[in-house]
Amino acid sequence: MQAKKRYFILLSAGTCLVLLFYFGGLQFRAARNQSRREEHSSRNGLHHTSPDHYWPRFPDALRPFIPWDQLENEDYNVHISPRQKRDANSSVYKGKKCRMESCFDFTLCKKNGFKVYVYPQQKGEKIAESYQNILAAIEGSRFYTSDPSQACLFVLSLDTLDRDQLSPQYVHNLRSKVQSLHLWNNGRNHLIFNLYSGTWPDYTEDVGFDIGQAMLAKASISTENFRPNFDVSIPLFSKDHPRTGGEKGFLRFNTIPPLRKYMLVFKGKRYLTGIGSDTRNALYHVHNGEDVVLLTTCKHGKDWQKHKDSRCDRDNTEYEKYDYREMLHNATFCLVPRGRRLGSFRFLEALQAACVPVMLSNGWELPFSEVIDWNQAAVIGDERLLLQIPSTIRSIHQDKILALRQQTQFLWEAYFSSVEKIVLTTLEIIQDRIFKHISRNSLIWNKHPGGLFVLPQYSSYLGDFPYYYANLGLKPPSKFTAVIHAVTPLVSQSQPVLKLLVAVAKSQYCAQIIVLWNCDKPLPAKHRWPATPVPVIVIEGESKVMSSRFLPYDNIVTDAVLSLDEDTVLSTTEVDFAFTVWQSFPERIVGYPARSHFWDNTKERWGYTSKWTNDYSMVLTGAAIYHKYYHYLYTHYLPASLKNMVDQLANCEDILMNFLVSAVTKLPPIKVTQKKQYKETMMGQTSRASRWADPDHFAQRQSCMNTFASWFGYMPLIHSQMRLDPVLFKDQVSILRKKYRDIERL
């Protein structure tokens, strides 16, 4: 009997163990499969952080009772301690959980497009020059609207840039001033610009008032406080940073080898007390006084001598030995350590100088990190590994160093060289978030010409832009559309426009001809136009203004456009040769009539000349080939003020197009063959073409040059001494060996 009991007990225990292992194994396998699913999802860009996501989600009929800024986006059933709740509520931004989907009203943008409204300046409110430049950049952009009912984004006229209470630029009572704005709506669809926040001794990122659901365009923002897909990290820039244009980068050419006199440099303040002191205090360990020159000084602040340490005198002496600009221009790498705040002026200084930034500021969300790949232009280090920096950068191959330096120049000129570019980049990033279906990809943002000049509204396919043929392995287009600008009535069959039409139609590369009829007289009858082997489409201009010749007409079916004035004299051979040259340079203007600009020291202004010299900077659009995307840019990128000026003068549209293309490409146009004459037939004084005989015509073009340069903020035109001719052109060889035989007779 006892034996039976023992067997029964053993059997029961064994059964329990089997059941335990069985069900435990099921749970273990379920957990393991769950982790595998999560791993697979994360590899594919999906993030499932809780079982809730596997249940069907229904739209909430009722708003949750918990305040929106206390909701956890990932886990709704997590129990947190009272202390954690207090910490969450006392974070720098109450809207820390804000994202575009939760704190932004998309309907305003989808209704009227992406338009930005700037509040009118209030009486008695002082605005620093830097913030005035920001507001001016917005108001001068294509995004600006003066009608708040049309706006999708709102920007305060109250100066929020400097929120350091010890600063003379600090605006008091900002909390009540912001709350009193009738459009504030708890900050929804508002953008706040900020460069400095917090004050001594801890320099927190608190801006000193409740920003609600507003977005921040903030310098020195930490990854901890940065709200992805909502805030925008901007660079710290000085009050002297130019509003428009800006200086070019210092890398003038591809220097081989890329190494300079110094391997690594830094010159700046050393903080004896408080935040930001650790890294800079340790730089003397790496400084060798030869190719690694890291200099700090204690001489700043009123009471620096009270806190000076045993190294201050030696550091100060060494600091005075070196000129900062000389170091900057002769260094391969520039150290960018954190200061009191995470950001530093050294960042933009290094970019401009083609000195590869070595970032030592743990936790700093780098400027425009959402779109810029900083690994292509900077070395991102760790403050805790300072002593390893020299050996790390010495191991970087020279080819990589040159690529890094070239990328610094692109980024500087594309996004950072002026306040206007910083502001426009910020707005374009926000616009891409709103209209995700046409947002720019990483290639566009990180490759010339950059995101500001590649407008996604034109096309979502990179092959439709002239800059990416090589990247996509595409050949340039094999056909062009000729657009002839006609402003005089058709009264004779011997008029130049008809001869031009016949010559262009004979080109083997011509797909169609469009005649833009900007004449006050009615359209000629169809039988007045000559018979041609390609279609001829006559479009009557609605406004009949000069800028209408650059409208992005749907009738233009080819990427290449041959722009012609009605009085231009070109042969079929000349047209063919110009187009074959353009196929090698599809991003540039290629053509015949060349002009140049110069700086007039006596008048201290830009001058325009048509004299035949050894160089040129413009190819006029009266006989030129370019990509049709420039029609779209001319129409949608340039401000109405410049286009209205062109239309009122009936002049300068060709100069403005050259300004635009050179600003985008950073390259000069290309002149073909040595043909000197650009024939502008003097027609009847009653026609608009008589502008060529107008003595004020040349003076107007001089004035246009300076107005355009003022808007761009610099002179984008670039001189060139290159001219492309056919091979064997005018050589003493058999005419049968020449492809473009007729050019020799011109």
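Leu523 is partly exposed, with a relative accessible area of 37%; here buried means under 20% relative accessible area, exposed means over 50%, and partly exposed is in between, using a 1.4 Å probe and protein chains only. You will find Leu523 in the loop between strand 14 (510–517) and strand 15 (536–540). Helices (H or I, at least four residues) and strands (E, at least two) are DSSP runs, numbered from the N terminus. Leaving aside neighbours within four places in sequence, Leu523 is in contact with Trp517, Val538 and Glu540, where contact means heavy atoms within 4.5 Å. The C-alpha atoms of Leu523 and Pro489 are separated by 8.3 Å, although these residues are 34 apart along the chain.

Before going on, a word about the model. It is predicted, so local features need pLDDT of at least 70 and side-chain atom pairs count only at pLDDT 80 or more, while totals for chains, interfaces and linings use all residues. Residues are numbered from 1 along each chain as its sequence is written, and side-chain values use heavy atoms, with hydrogens and water left out.

Now step back to the whole chain. The protein chain holds 22 helices and 23 strands. Of its 746 residues, 51% count as buried. Among contacts with a separation of 6 or more, 75% are between residues 24 or more positions apart.

Next, look inside. A nonpolar core is a set of buried Ala, Val, Leu, Ile, Met, Phe, Trp, Tyr and Cys residues joined through side-chain atoms within 4.5 Å. The largest such core has 79 residues, and those with the most contacts inside it include Phe114, Trp374 and Tyr415. Helix 14 (residues 419–434) gives the most to this core, with 8 residues. Not counting residues up to four places away in sequence, Tyr415 touches a number of residues, among them Phe368, Ile422, Trp445 and Leu452. A second, separate core of 54 residues includes Val561, Tyr632, Cys652 and Phe659.

Now for some backbone details. Most residues other than glycine have a negative phi, and most peptide bonds are trans. Ala650, which follows helix 20, has a positive phi, near 50 degrees. Glu604 also has a positive phi, near 50 degrees, and lies in the loop between strand 18 (594–600) and strand 19 (605–609). Is Glu604 buried or exposed? At 61% relative accessibility, Glu604 counts as exposed. For Lys666, phi is near 60 degrees; this residue is in the loop between helix 21 and strand 22 (670–672) and is partly exposed, at 25% relative accessible area. A cis peptide bond, with omega about 5 degrees, joins His448 and Pro449. Pro449 sits in the loop between helix 15 (442–446) and helix 16 (469–472).

On a 1 Å grid over the protein atoms alone, a cavity is a set of points where a 1.4 Å probe fits but cannot get out, a pocket is an open set with protein on both sides within 12 Å along at least five of seven lines, and lining residues have an atom within 4 Å of a point. Grid points are joined across faces, edges and corners, and a volume is the space filled by probe spheres set on the points. How many cavities of 30 Å³ or more are there? The count comes to 10. The largest cavity holds about 190 Å³ of space and is lined by 15 residues, with Glu420, Lys421, Phe453, Tyr637 and Tyr714 nearest its centre. Helix 14 provides the largest share of this lining, 3 residues.

The largest pocket has about 1200 Å³ of space. Of the 33 residues that line the largest pocket, Tyr203, Lys269, Tyr271, His300 and Arg340 lie nearest its centre. Strand 8 (262–269) and helix 8 (304–307) each supply at least two residues of this lining.
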